[in-house]
Amino acid sequence: MFQEKIANRQLFNVFFIMRTTIVISTLPVLTIGRARQDAWLAAVVAFFLGVVFIWLLGRLALNFPEQSIIQYSEALLGKWLGKLFSLFYLGAFLLMGFTDLRTYGEVLRTVFLPETPLAVILGSMVVLAVAVVYAGLEPLGRMGDLIFPVFTLATLFTLFFPVLEADFSNLRPVLYHGWQPVLHAALTPTVITAQYANLTILIPSVNQPQKALRAALYSLLWSSLILVLAAVVVVSLLGADEGAHAAFPVFKMIRAIRVSEFLERVEVFPIFAWGLGLFITLAINLYSLAKGLSQLCRLQNYRPLLLPLAVITSTLALQGYSDSFELRLFFQPQVIAPFIFFILLFPVAILWIAYFFKRKKGPGFPKEKGRGR
Amino acid sequence: MGVKQGILQKLASLLLRQGKNIFSKVVGQNAKGPPVLHDGLDLGQREAVFQDLPLSTRLEANLKLFQQVTGASYDINIKRFLSGPEKVPAALLYIDGLVDAALLEGLLRAVKIDIFLTGIKDVQKKDILETIRQRLLNISESQVAGDMKELYYGVSMGRAALLFDGTAQALILETQGWKTRTITEPASEPAIRGIREGFIEDIRTNTALIRRRIRSPNLWIESLEIGSLGKAGVAFAYLKGLVAEDVLGELRARLNNIDIDGVLGSGYVEEYITDNPNSLFPSVLSTERVDRVAGALLEGRVAVFVDGSSFALVVPADFNLFLQAPDDYFEPFPLGSLIRFLRYVSFFIALFLPGVYVAILTFHPELLPVSLLLRIQAAREGVPFPVVVETFFMEGVFEILREAGVRLPMLVGPAISIVGALVLGDAAIRAGIVSPGVVVIVAFTAIASFTAPVFSLGLAARILRFIIIILGASFGLLGVQFGLLLILIHLVTLRSLGQPYMAPFAPFIWEDMKDALISLFRWQQVYRPKLLGYREPRRQRPGQKPQPPPQKGEN
């Protein structure tokens, strides 16, 4: 079958958009935990933790540059155990897909379209994601190319105007409560880095698989810089307490400012940016889910799986959480961290162990970074 | 059942073939037999018989057969005369209006008079044709036809045919000279500093126009004929060694695959070679401009010319190509870039403005500044329709006006603009059917849509605009965003002869951005588009920025 390829640049774009969308819209460094005015520090910490997390998830994949995690887990753990772990793993894509989707739905319902039924908002996004994934991975990568500049510009635009009115004294005192709340607040954004699990499905389709991890880490770096900026801006404009209590702090901030007489409402820009960003996020997760499932079931083509998976995703997004408070509860580190640990980190840890065992034991097993392609 | 049918078919075809052979034998030997092409034969049968009719040695039989084949059509002239000292009966066949009268005159003179003057003594009946061909004629190109098919196609191309009694061959001579339109400025694609010459309906002239601009031996022009009845000449030009061979092979295969009765314009061919027939967006550029085609060739694209059409087709064509205009290149960098960028913006305005207007007024009035919103609402006072109906109505009116404007004879043109602009626009507002805001939006959209340098792209925007209005009216800005993303998804899946349609935006190619949203200085565009001209990427010497001469210190 024709192997679709995406460039490493597109990989960077897609992950940057995905990561930025979710961490900016919910701003977990501020809304979760009690880091308060040290939220930006939490973002910095989350970056370093995220690097470790991504490295754990993605580094193993580089040893199998022609296989996705679904395929090499079977090679490492044996057929049935491998399939079982893959199922967990695929569950993570489903979970991330519908949670992100619901988050978007809540953003829109809260601040922009209070009367539109949630099903319409979520449904339109799912339709778009199915459309692009059905078209294939290459169109998805190209959509990343198209959306990246628009998304970045709109996001920076959103954060630019508040800077003019910000009161940076709100950022003091630094580390008043010590490091403990900062680390606590950094947990959730770190766990959200689970999005980078998509890497393990995408690596076989990347032009230069050996550089895929680097692209992913760069995307985390840039998106973390924007997160730091957002945390600083929100805290300095709204104050730490008001920001922490808002459902979607960046929105609250953007509503609070008034650029000029004729440009009073700039919230269209972040909403537009997050719409584009969520489209990419959902599409990538849907692709990984469908592609992984098709490899699990040894199907030639993942496309027939799309429609059922889309229905499942939208149903779960609609019914999985009853309101935005429940969604926020899910993002609490004590809820989301074990979740992600169990379905994502645990299987990967087992794979690492199996990898080292196998490498010690059997010759003919890939020892070096990758077989030349 | 299947077997039976197969046998029957075989039998029938056998009979048919036998019959044809009998016919041709009859014709070849005895012209007084039954008519070969009786009225009962259908078009396909007639064509089949026509394919296989050899000429006989008897002049009268040949002429009779020719008249049978062509039905003695009134525009086909047959001039009989006696040639040479042996007084060989001869005939000249040509079609009025396709031949050059002066050339014909010279030809007749040669075979009737010069044949005596030159003192050729040994003109024999049997080899008169060869003698004349080699020793008498000064018409450069001539060929010998052995059967009716070659004879007719020669004559139908404006050549003259000489037939002699006793020779089962005809001499086909280049006497073409029909009237063509003079080369004028392309009416549909004006440009301020562009070349004033546009293509015309004659393919030879068109290829000559290109050849004059690109005088390289590597400008190759391949030709073929398309159309079982129409037989239109189709030629495609490219720079050998620059254009990708697989693109060329694909195009050649697609052109050769066409089986159609007649090609009346390049639009016919376009539909057969496009990659995405179901898309609203054009993936083949059709243009009348010589500079556009020459520029495309230099980038490594292929141009297809169709005889009888003043539009050349350019493939592979990407989205960017449709928004480039010659003026971008003839004006220096900042100005050219500005108008290019303006065109991109206008395209999006033409596509989205009415939809966004409807969405904002229907769902998100809070996004507008209060004073503006109040003004719009005050103007809408008394209008009985919702915004979407108003907008739809005015857009519909405008589209009808535009279509009428194209179809109307030149003389009525001003009348329609008066009716359209004054009566419909002004009176509709006064009557309270629509509000001034909608008219402003629709008029602005219309003007923006006219900036598209290629008609077909503007057409896509015109149609999609209505869908965006519906989406905006149903789901607000969310619907508009949905429409935008859906269009983009569609666009990134498109290909034109295998090349991604949205390049250099998606896939993003930084090197090609020099000629995408903006257009840099000519001397900065050192390399050809990466996906097209990759076989010979460099098109000029880098570092040609003009410098002032060194100062001499003379104040």
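**The interface of chain A and chain B**

Author: Across the interface of chain A and chain B, 1 salt bridge is found. This salt bridge joins the side chains of A:Glu138 and B:Arg495, with a distance of 3.5 Å from N to O. Polar contacts across the interface of chain A and chain B comprise 4 residue pairs, both residues of each being at pLDDT 80 or more; the model itself is predicted.

On the side of chain A that touches chain B, at least two residues come from each of helix 1 (8-26), helix 5 (79-111), helix 6 (118-135), helix 7 (137-165) and helix 13 (268-296). Helix 6 of chain A gives the most to this side, namely 9 residues. Sorted by class, the side of chain A that touches chain B holds 22 nonpolar, 7 charged and 3 polar residues.

As for the extent of the interface, 32 residues of chain A are in contact with 24 residues of chain B. The two chains bury about 2400 Å² between them, and carbon and sulfur atoms give 76% of that area. Of the area that chain A buries against chain B, 26% is supplied by A:Leu128, A:Arg142 and A:Leu146, more than by any other three residues.

A:Ser205 lies in the loop between helix 9 (198-202) and helix 10 (212-238) of chain A. A:Ser205 counts as buried because its relative accessibility is 2%, where the cut-off for buried is under 20%. Leaving aside residues up to four places away in sequence, A:Ser205 touches A:Gln3, A:Glu4, A:Lys5, A:Ile6, A:Leu137 and A:Tyr287.

Note on methods: Residues numbered from 1 in each chain as written. Chains lettered and ligands numbered in written order. Predicted model: local features only at pLDDT ≥ 70, side-chain atom pairs only at ≥ 80, totals over all residues. Heavy atoms only, no water. Helix = DSSP H or I, 4+ residues; strand = E, 2+ residues; numbered from the N terminus. Buried < 20%, exposed > 50% of the residue type's maximum accessible area, 1.4 Å probe, protein only. Contact = heavy atoms within 4.5 Å. Buried area = accessible area lost by both parts, 1.4 Å probe. Salt bridge = Lys/Arg side-chain N within 4 Å of Asp/Glu carboxyl O. Polar contact = N/O pair within 3.5 Å; in protein donor to acceptor, adjacent residues only side chain to side chain. Nonpolar A, V, L, I, M, F, W, Y, C, P; charged D, E, K, R; others polar.
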